[in-house]
Amino acid sequence: MKRVFNFGAGPAMLPLAVMEKAQAEFLNYQNMGASIIEISHRSKEFDEVINSCDALITELAGVPSNYKILYVHGGAQMQFSAIPLNIINRNPSKKASFSLTGTWAEKASKEAGRYGNPINISSSADKNFNYIPAYDADALDPESSYLHIVSNNTLFGTRWHDFPDTGDIPLVADMTSEFMSRKIDISKFGIVFAGLQKNLGPAGLAVVIIREDLLDHALPETPNLLNYQTYAKEHSLANTNNTFAIYMMSLVMQWLKDQGGVEKMEGINNAKAKILYDAIDSSEFYLGAAHPDHRSIMNVTFNLANNDLLPAFLSQAESQGLYALKGHRVVGGARASIYNAMPVAGCQALADFMKNFEKNNA
Ligand SMILES: *Cc1c(COP(=O)(O)O)cnc(C)c1O
């Protein structure tokens, strides 16, 4: 079996060691004669899994003691509904502010409009989201129940390097495509959330880290299973949760710890991204899509100066085991998603391919 280097944006590559461990114990979890996905979410064995996942997230991300870790159904986009349902009511005006740095921020803002009054305080739509607009504290309506940002913009390859200081207004961050890839001070945020399928595990579930004082504001019509208070009170087991996804996440977290933790991983991620950005910047054949000052280290977006060569670039890459490099349709070009599980060797192989492709086609 030859595994490819999978540059897909998500569901994305998971660490091989994690997949092998899951495979090895899939039929017979801890000698129970049953799989982890066949046993009760209320069994003591699963309880150990979810407790260990909590403990590893707390340790690796540095989650302060006044925050709760929730495993919430529906992936990242379901939180675009859950967040306004839970906290847009903090202020009676039901206003919430958004910085539009891409498609995911636009979708979140639009969804908040079902439950309250979103205000878009900044946008980089004028340049097809290739940069992060400067944060202007004066533009933030003081009646905002929160400010929503997307910390890493998966489609466009930009990220917030530093985060705005919003004072008493909770900062909410969609970290789906970068959670656990760099050191972040959770205490600066009211809510941090991430769908699992980019950097943490399988699709369909989101991890939500929420400051406890935000648990008490849900609109009365909030569905029980979108109410974060329900998850906090019942340890995310008010109903049968996605036990497999939580189990997989616990393995990914253990793997991350074994690699040396988030800070160590951030160093590796910086080195991986540099390999690709150097390949782009050292050539006129390739053009970086994101403004150099706002580049993501998780999603590297670029175009070929001659766009006619893109289909050949993608198909030759794929034939060499460099899989899923096609850019998102709203950006075009190519995108290399290089989450924690992508080894340095994958980035090196791509950079080498890029040089060869240029030599053969320039
Ligand atoms: C992938 C992604 C989403 C969507 O995730 P789903 O789990 O499919 O809803 C939302 N936000 C960001 C930043 C993403 O990268």
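## Ligand shell

The shell around the ligand comprises four nonpolar, seven polar and two charged residues (Ala, Val, Leu, Ile, Met, Phe, Trp, Tyr, Cys and Pro count as nonpolar; Asp, Glu, Lys and Arg as charged; the others, Gly among them, as polar). The structure is a predicted model, in which local features need pLDDT of at least 70 and side-chain atom pairs count only at pLDDT 80 or more, while totals for chains, interfaces and linings use all residues. Residues are numbered from 1 along each chain as its sequence is written, and side-chain values use heavy atoms, with hydrogens and water left out.

In total, 13 residues surround the ligand, each having a heavy atom within 4 Å of it. The closest are Gln 77, Thr 154, Asp 174, Gln 197 and Lys 198.

## Polar contacts and burial

Polar contacts are pairs of N or O atoms within 3.5 Å. An N or O atom in the side chain of Thr 154 lies 2.5 Å from an oxygen atom of the ligand. From the backbone, a polar atom of Gln 77 is 2.7 Å from a ligand oxygen atom, and an N or O atom of Ala 76 is 2.9 Å from one. The protein buries 87% of the 390 Å² that the ligand exposes when taken alone (Shrake-Rupley method, 1.4 Å probe).

## Helix 3

Helix 3, residues 75-87, gives the most to the shell, with four residues (helices are DSSP runs of H or I, at least four residues, numbered from the N terminus). Ile 83 lies in this helix. Ile 83 counts as buried because its relative accessibility is 1%, the cut-off being under 20% with a 1.4 Å probe and protein chains only.

Definitions and conventions: Polar contact = N/O pair within 3.5 Å; in protein donor to acceptor, adjacent residues only side chain to side chain. Helix = DSSP H or I, 4+ residues; strand = E, 2+ residues; numbered from the N terminus. Buried < 20%, exposed > 50% of the residue type's maximum accessible area, 1.4 Å probe, protein only.
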